[in-house]
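Please keep the sequence and the 3D view open as you read.

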Amino acid sequence: MTTVTTLRARFGAATGNPFSGGAWRIPVRYGAVAGVTAVFVSLIGMVEAFSRREVIETAVSMDQVLLLVITGTAGYLAASRFAARGIGKSVIAATLSGVIATLFLLALLVLGDRINLRQVLLNASPSLYLELTFGKGLGTGAGLLALQIIAGAVGSGLIALLPPAPRRALLIGLTVVAGMGILHDLMSLTFQNWGPLSVLDTWLYSSTGLKVRGASALFLIFGGWSLLWAMKGPQIRERSKTLPLARSAARPVALLAALVLLAALPQILGLFLSEVLVLVGLAALMALGLNIVVGMAGLLDLGYVAFFAIGAYTMAILTSSELAFFGFNFWAALPLAILAGVVTGVLLGVPVLRMRGDYLAIVTLGFGEIVRLLVLSDALRPWLGGAQGIGRIPRPEIGSFEFVSSQQVYYLVLGGCVFAAFISWRLKGSRLGRAWLAIREDEDVAAAMGINRVYFKLLAFAAGAAFAAMSGAIAASRLGIIYPHSFSLLISINVLAIVIIGGMGNIPGVVIGAFALVGLPEILREFGDFRWLVYGAALVGMMLLRPAGLWPEAIRKRELTARPAGVPETPSTSPSAGDTS
Amino acid sequence: MALLEVRNLHVSYGQIAALHGVELEVNEREIVTLIGANGAGKTTTLNAISGLLRPDRGLVMLEGIDLSTLPPHQIVSRGVVQVPEGRHVFARLTVLENLEMGGFTVRGKAEIPRRIEQVFELFPRLRERRGQLAGTLSGGEQQMLAMGRGLMAGPKVLLLDEPSMGLAPVLVDTIFDTVRRLHSQGTTILLVEQNARMALQVADRGYVLQTGRVVLSGTAAELQAHDAVREAYLGVG
């Protein structure tokens with residue numbers, strides 16, 4: 001069936017008609033998906049909500065960007081599928097997808113004109129129709145809408161047909177302009193709070209969005225930089241390799257620059273973004289720990305929040321003046337909190353040693369719930385605070401310096417993350433890391449190879465729990481008060497998602513994952529619940545497009561690109577002893 | 001005293017008894033084969049020796065020391081190494097990484113490259129493919145890799161579980177040639193095989209296992225000539 005279709009498609013191409021024999025279905029399908037998506041985002045109120053925001057002042061509003069991205073993607077994909085058949089046919093394909101997408105929106109307009117959809121679909125309001133038709137009524141307005149969408153699809157199709165370097169430059173330029181426009185409020189605020197950059201703010205932004213000159217400048221700078229790098233980049237890289245000094249100095253210099261930048265970040269970014277960074281950091285710290293358990297050793301743990309809770313509660317019990325049990329300070333309590341994590345990590349590890357996969361996941365899930373219910377219970381209330389939690393947890397301090405604001409706590413979290421990343425990185429390259437790798441890949445063979453499964457599995461649980469407890473302890477003293485409700489199953493799932501989306505087993509991947517899953521929703525907070533819709537769609541899309549994660553571990557990446565048996569990789573004799581990590 | 005001695009070995013899976021007092025011994029520099037039908041208990045015996053299964057009763061002695069209560073990793077470091085059935089290689093690791101993993105118990109950094117070199121001499125094919133993912137090797141190559149990986153641990157006794165399983169006839173010959181060469185280099189091997197004909201050709205001695213008991217033993221030549229063996233396992237009427 002499918003071979004017949006492809007044969008027909010090829011035959012159609014040879015005879016000059018790209019749409020004979022089924023090939024036309026491709027752009028139609030893309031157009032239909034884009035059309036349905038466009039109608040969907042209109043009917044859930046996204047278009048209307050976004051219409052009040054401008055990306056470029058008076059010229060482009062955010063709902064237009066939204067619709068253009070949706071239909072443009074269809075045009076882009078349609079054109080790139082037809083790219084091998086020549087420019088003419090590709091443009092026809094892109095146009096076709098645009099037309100189809102338009103039909104769906106027009107159908108919505110016509111239907112809305114005849115029937116009052118609002119009785120069922122709350123957001124099918126008159127202002128939505130007004131927005132879609134540019135306030136011009138069904139006749140002219142619909143024509144303008146069709147023109148805009150088809151032009152967008154064709155334009156995107158043309159971008160798809162460009163050679164790679166200018167195409168990338170164009171896409172980067174457009175993305176930067178759209179991104180800077182969408183994040184206008186946040187960017188303005190950030191630029192303003194940092195002296196020298198406030199000039200930039202007034203130059204780039206008006207009160208409603210990017211100024212035209214700002215948008216053009218951003219587009220030219222970023223697009224041009226990408227183009228320049230595409231032309232000169234290989235040369236520069238080649239030349240820098242021949243300089244012995246540059247080669248040996250590059251790594252330490254880059255590392256130093258990164259550290260200086262990280263240290264300066266809270267001052268540059270201001271309060272809100274520092275808060276976001278603290279949240280990202282705490283999540284990254286947990287994710288680095290879970291990455292050891294799930295990513296390196298392959299033990300699926302769904303009750304990971306338990307160790308976060310144990311770290312937080314140990315910190316609270318030891319330091320809180322409300323309970324007044326011990327009155328430790330933060331630094332004395334931190335090692336004990338981590339130790340509590342390690343001990344419970346081993347305690348959980350022992351009963352689940354013989355379990356694998358789904359069974360392990362269920363038992364750890366139960367463990368997470370047990371811990372949450374214990375801290376919630378009335379019986380333990382005198383010691384653990386019950387549903388009211390524990391308050392008056394003192395802030396960390398060094399001498400007279402107290403970590404209070406997010407800009408200060410940031411350094412504590414950064415320290416924790418650097419520590420955890422360094423430990424993870426050293427562990428991964430060690431004998432321990434190899435043992436975990438073997439257990440993850442095939443537990444039985446690992447045993448046959450002389451690897452002590454019990455010992456190494458317990459170590460993985462302990463190491464993972466240590467980082468989570470550390471994260472919990474910092475979180476507790478940052479907030480000053482903890483509640484049982486802060487330690488729900490959702491946290492375990494979020495952290496697991498960070499590890500998977502970021503790239504299981506890979507340390508920088510996990511940090512990127514924390515930024516993507518914790519940082520982005522915070523930054524896009526102004527868009528209310530719509531961000532969760534985009535977030536969900538992005539997760540699904542991610543797993544389809546990059547199943548191994550944003551920045552996958554080398555081993556997982558190569559599995560997905562592995563050749564079939566008997567076909568040697570080129571060149572098959574290349575020595576590749578150390579290319580695993 | 002034999003290098004490896006198994007005395008009165010009883011193993012059960014839950015309520016179901018699989019081995020009823022198996023007795024066998026393997027002398028130094030010998031190839032001994034364990035033959036028998038499906039479900040006779042061949043693989044169970046090997047798994048009990050290597051510690052993957054815990055025996056109910058009985059002794060597994062290496063150089064006179066009982067191993068039967070030790071966990072698998074300690075049995076490996078004492079020199080009893082099993083090459084698992086069905087070519088369990090680490091599919092996502094390269095050939096070289098698989099071999100390095102095989103040397104996990106080896107102490108001393110210089111020793112591992114030396115042993116890898118020995119494995120490559122034994123299996124030149126693996127040298128050619130050292131950078132390739134083990135999962136993309138052919139069945140025969142994977143078997144070579146599994147054996148090479150077992151050798152990396154420097155075994156006193158190598159336990160081979162069905163090395164010819166699922167391989168094309170040509171490859172079966174290659175694998176048995178390798179077993180012969182390992183033997184000529186002085187490796188002691190306990191070989192479990194369904195292919196009794198080939199097994200008895202390379203082995204010095206053999207045991208015939210039936211429903212969890214050793215029913216017959218002798219030199220390979222004796223077994224090859226034995227009427228019941230010929231009929232049941234060699235397909236000669």
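Which residues have the most contacts inside the largest nonpolar core? They are Trp436(A) and Ile482(A), in a core of 102 residues. A nonpolar core here is a set of buried Ala, Val, Leu, Ile, Met, Phe, Trp, Tyr and Cys residues joined through side-chain atoms within 4.5 Å. Buried means under 20% relative accessible area, exposed means over 50%, and partly exposed lies in between, with a 1.4 Å probe and protein chains only.

Some ground rules before going on: this is a predicted model, in which local features need pLDDT of at least 70 and side-chain atom pairs count only at pLDDT 80 or more, while totals for chains, interfaces and linings use all residues. Residues are numbered from 1 along each chain as its sequence is written, chains are lettered from A and ligands numbered from 1 in the order in which they are written, and side-chain values use heavy atoms, with hydrogens and water left out.

**The cores and the helices of chain A**

Helices (H or I, at least four residues) and strands (E, at least two) are DSSP runs, numbered from the N terminus. Not counting residues up to four places away in sequence, Ile482(A) touches a set of residues including Ala312(A), Tyr313(A), Ile390(A), Ile393(A) and Phe487(A); contact means heavy atoms within 4.5 Å. A second, separate core has 47 residues, among them Ile31(B), Val106(B), Ala153(B) and Leu158(B).

Val518(A) sits in helix H22 (residues 507-523) of chain A. Leaving aside neighbours within four places in sequence, Val518(A) is in contact with Leu279(A), Val280(A), Ala283(A), Ile498(A) and Gly513(A).

Buried residues of H2(A) include Ile26(A), Pro27(A), Gly31(A) and Leu43(A). The buried residues of H2(A) pack against helix H3 (46-50), helix H4 (62-81), helix H5 (87-114) and helix H6 (126-132) of chain A. Just after H2(A), Gly45(A) takes a positive phi of about 95°.

**The sheet of chain B**

Chain B holds an open sheet of 6 strands in the order S6-S7-S8-S3-S9-S10, with mixed pairing. Two strands pair if DSSP finds at least two bridges between them. The edge strands are S6 (80-83) and S10 of chain B, each pairing on one side only. From one strand to the next, the twist averages 20°; axes are lines fitted to C-alpha atoms, for helices over the stretch in contact, and angles run from 0 to 180 degrees between N-to-C directions.

Strand S9 (residues 205-210) of chain B is mostly covered, with 5 of its 6 residues buried. On one side, S9(B) pairs with S3 (residues 31-36) of chain B in the parallel sense over 5 bridges, and Thr33(B) stands opposite Gly206(B). S9(B) also runs antiparallel to S10 (residues 213-219) of chain B, joined by 6 bridges. These two strands form a hairpin with 2 residues between them, where Thr211(B) in the turn has a positive phi of about 35°.

Helix H7 (residues 169-184) of chain B lies across S3, S7 and S8, running at about 155° to S8(B).

**Charged pairs**

How many salt bridges are found over all chains? The search finds 26, counting a side-chain nitrogen of Lys or Arg within 4 Å of a carboxyl oxygen of Asp or Glu. Here are some of them.

| Pair | N to O distance |
|---|---|
| Glu443(A) and Arg453(A) | 3.8 Å |
| Glu23(B) and Arg7(B) | 3.1 Å |
| Arg115(B) and Glu111(B) | 2.8 Å |

Arg115(B) and Glu111(B) are both buried, and both lie in helix H4 (residues 111-122) of chain B, 4 residues apart. In chain A, salt bridges that share partners join Arg356(A), Glu443(A), Asp444(A), Arg453(A) and Lys457(A) into one network.
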